[in-house]
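Reader: Could we go through this model together? I would like to ask about backbone, contacts and surface in turn.
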Amino acid sequence: MKTVLKNLDQLLTLSGQSSDFKTTVILLGKQQEMSIFYYSTLIDAKWMQQHLIHVVQNRSLDSEIKDIEDIMALIPINDIEITDELTTIQSKLMKGYAIVQLHENDQKCALVNLADNQGLRVNNDTENEFSVVGPKVGFIEDLDTNIGLLRKQINLPNLIIKEIIVGTTSKTKVAIIYIDGVTNEQNIQVVKQRLTDIDYDVVFDSSVLDQMMSDNSLTPFPLFVSTERRDRVVYSLINGQVAVISDGSPYFVTGPSTLFDFFISAEDYYLPWVLGSFFRMIRIFGVIFSLFSTSMYVAITTYHYEVIPKDLLGPLIFSRQNVPFPPFFEVLFLEITIEFLREAGARLPTKIGQTLGIVGGIVIGQAAVQAALTSNILLILVALSALASFTTPIYKMSNTIRFLRFPFIFLSAIWGGIGIFIGVGFVFVHVMRLKSLGFPYAVPIFPFRIMSFKDSFIRSPFQILNKRPQHLRPQSTVRYVPKPVKQKNDLDEE
């Protein structure tokens with residue numbers, strides 16, 4: 001979306017809505033002032049103080065300054081441009097240049113390069129949301145650096161940052177980020193109100209804000225996407241969502257979110273749409289398999305032997321003939337063992353955790369089979385189920401899938417297949433009643449939005465993804481206008 005600005009004053013007014021847009025006024029004489037406008041998250045503050053403010057203040061005492069050209073002669077920086085071209089001013093302001101204005105109503109100004117190119121890429125590779133294709137840029141625990149990383153990607157003065165203080169003891173700075181003219185005003189106001197109403201002593205991380213802003217605190221489903229990837233946050237903002245981050249946290253929280261947002265990987269958009277759609281469907285199938293594989297095993301081996309093919313019935317009976325426990329306890333034992341291994345591997349140092357996961361899984365699984373505590377077939381199912389749960393790109397949704405397997409196992413042990421259907425019904429009803437910032441969580445299934453299916457189960461071509469999701473009710477619905485591809489014929493060129 002492009003904002004039409006007519007003069008420099010409108011640009012400064014629009015940029016001034018952001019908390020990181022600063023204005024510094026310095027005295028050049030008894031009745032003369034110079035104004036400097038800049039984004040504090042994009043410039044090097046020490047460089048500006050030493051080579052701009054300090055130098056101009058000292059040299060202005062020895063020489064008379066009449067116009068902006070005299071300022072240029074005083075500043076010992078090579079990359080300076082004097083212009084009144086609004087497009088150039090806007091572009092360079094978003095790249096770390098400072099606007100130097102001598103008189104209040106002047107349209108001509110000096111653009112001084114003060115960009116901080118060193119501090120925006122320091123130990124900020126993504127760790128938990130890794131992708132093979134695409135950028136690896138993530139966020140760190142410094143709020144200004146994170147905002148600077150976003151401004152490097154979104155070169156618009158419409159990117160508004162509002163900072164508030166949350167936490168009665170910690171006094172933590174929290175940034176609310178959105179694109180003016182795109183994001184629905186209702187979403188912005190709801191986020192501001194919920195953050196302002198938080199009465200809590202210490203805010204350690206953005207995940208605390210996630211829970212405080214939640215529409216429903218009794219659900220295991222995450223209602224906001226929590227991500228450390230810059231490209232995911234940028235895509236959310238462009239679509240019309242609101243992003244929130246606290247100082248000291250490397251994770252952004254974006255919303256309103258839907259259930260399908262948690263199965264979308266940034267890699268889907270870096271691959272051809274056919275491959276991106278295929279891998280997304282694999283992800284969704286993996287979640288379904290992870291949820292129901294072990295509960296179906298309990299239901300079939302306890303109540304529904306008749307559905308097992310004859311060729312498989314023999315190996316299944318042979319693998320379970322020495323197991324002294326009913327299928328329910330057999331499954332419960334293995335599932336809890338896998339959870340022990342997961343938790344231990346996550347809490348230990350990386351190299352030790354990987355070794356524990358591999359060696360521990362092999363040793364315990366083999367020992368359990370030899371000790372007749374479980375069957376070979378169930379061991380394979382539990383291992384595949386654990387692998388399938390890791391296909392979810394968002395860690396919080398992966399935890400939800402891990403948790404939901406246990407209620408389904410209990411229901412299948414009590415009522416068999418009917419118990420699983422009862423559990424599915426409860427989950428469906430619960431998901432359809434959930435909301436994120438007041439918006440339905442189950443879109444596009446409920447309420448049914450056929451146009452939103454183009455980026456849900458599958459990832460459509462970019463020519464079709466030119467409009468923002470309707471359920472977010474953005475102020476500007478069109479992202480870009482696709483143009484037909486011109487195909488060249490080699491014979492025509494000859």
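Reader: Is Leu-437 buried or exposed?
Author: Leu-437 counts as buried because its relative accessibility is 2%. Here buried means under 20% relative accessible area, exposed means over 50%, and partly exposed lies in between, with a 1.4 Å probe and protein chains only. The model is a predicted one, in which local features need pLDDT of at least 70, side-chain atom pairs count only at pLDDT 80 or more, and totals for chains, interfaces and linings use all residues. Residues are numbered from 1 along each chain as its sequence is written, and side-chain values use heavy atoms, with hydrogens and water left out.

Reader: Where is Leu-437 found, and what is its phi?
Author: Leu-437 sits in the loop between β11 (435–436) and β12. Its phi is positive, about 55°, although Leu-437 is not a glycine. Helices (H or I, at least four residues) and strands (E, at least two) are DSSP runs numbered from the N terminus.

Reader: What about Lys-171, then: buried or exposed?
Author: Lys-171 is exposed, since its relative accessible area is 54%. It has a positive phi near 50° and belongs to the loop between β6 (159–166) and β7 (172–179).

Reader: Changing topic: how many salt bridges does the structure hold?
Author: The structure holds 15 salt bridges, each being a side-chain nitrogen of Lys or Arg within 4 Å of a carboxyl oxygen of Asp or Glu.

Reader: Which side chain does Asp-268 meet in a salt bridge?
Author: Asp-268 meets Arg-280 at 3.1 Å, N to O. Asp-268 lies in the loop between β10 and α9 (273–302) and Arg-280 in helix α9, so this pair ties together parts that are 12 residues apart in sequence. Asp-268 also meets Arg-283, at 2.9 Å, N to O. That pair links distant parts of the chain, with Arg-283 in helix α9 and Asp-268 in the loop between β10 and α9, 15 residues apart.

Reader: Are those residues buried or exposed?
Author: Asp-268 is buried because its relative accessible area is 1%. Arg-280 counts as buried at 0%, and Arg-283 is buried as well.

Reader: And which residue forms a salt bridge with Glu-339?
Author: Glu-339 forms one with Arg-402, the closest N and O atoms being 2.6 Å apart. The pair links distant parts of the chain, Glu-339 in helix α11 (residues 327–347) and Arg-402 in helix α14, 63 residues apart. Both Glu-339 and Arg-402 are buried. Salt bridges with shared partners join Glu-335, Glu-339, Arg-342, Glu-343, Arg-402 and Arg-405 into one network.

Reader: On to aromatics: how many pairs does a search of the whole structure find?
Author: The search finds 14 aromatic pairs. Rings of Phe, Tyr and Trp (its six-membered ring) pair if their centres lie within 6.5 Å; planes under 30 degrees apart count as stacked, over 60 as edge-to-face and the rest as tilted.

Reader: Why is the pair of Phe-21 and Phe-37 stacked?
Author: Their ring centres are 6.5 Å apart and their planes are at 10°, so the pair is stacked. Phe-21 in strand β1 (residues 21–27) and Phe-37 in strand β2 (residues 33–39) are 16 residues apart, and the pair links distant parts of the chain. Both Phe-21 and Phe-37 are buried.

Reader: Which residues do ring pairs link into a cluster?
Author: The cluster consists of Phe-260, Phe-448, Phe-453 and Phe-457.

Reader: Finally, the surface: which residues make the nonpolar patch?
Author: Ile-414, Trp-415, Ile-418, Ile-422 and Phe-426 make a nonpolar surface patch of about 560 Å². Patches are made of residues with over 30% relative accessible area and no salt bridge, with like charges joined within 9 Å and nonpolar side chains (Val, Leu, Ile, Met, Phe, Trp, Tyr) within 5 Å. Accessible areas come from the Shrake-Rupley method with a 1.4 Å probe, and for residues only the protein chains shown count as cover.

Reader: Which element gives the most to the nonpolar patch?
Author: Helix α15 gives the most, with 3 residues. Ile-422 is in helix α15 and counts as partly exposed at 32% relative accessibility.
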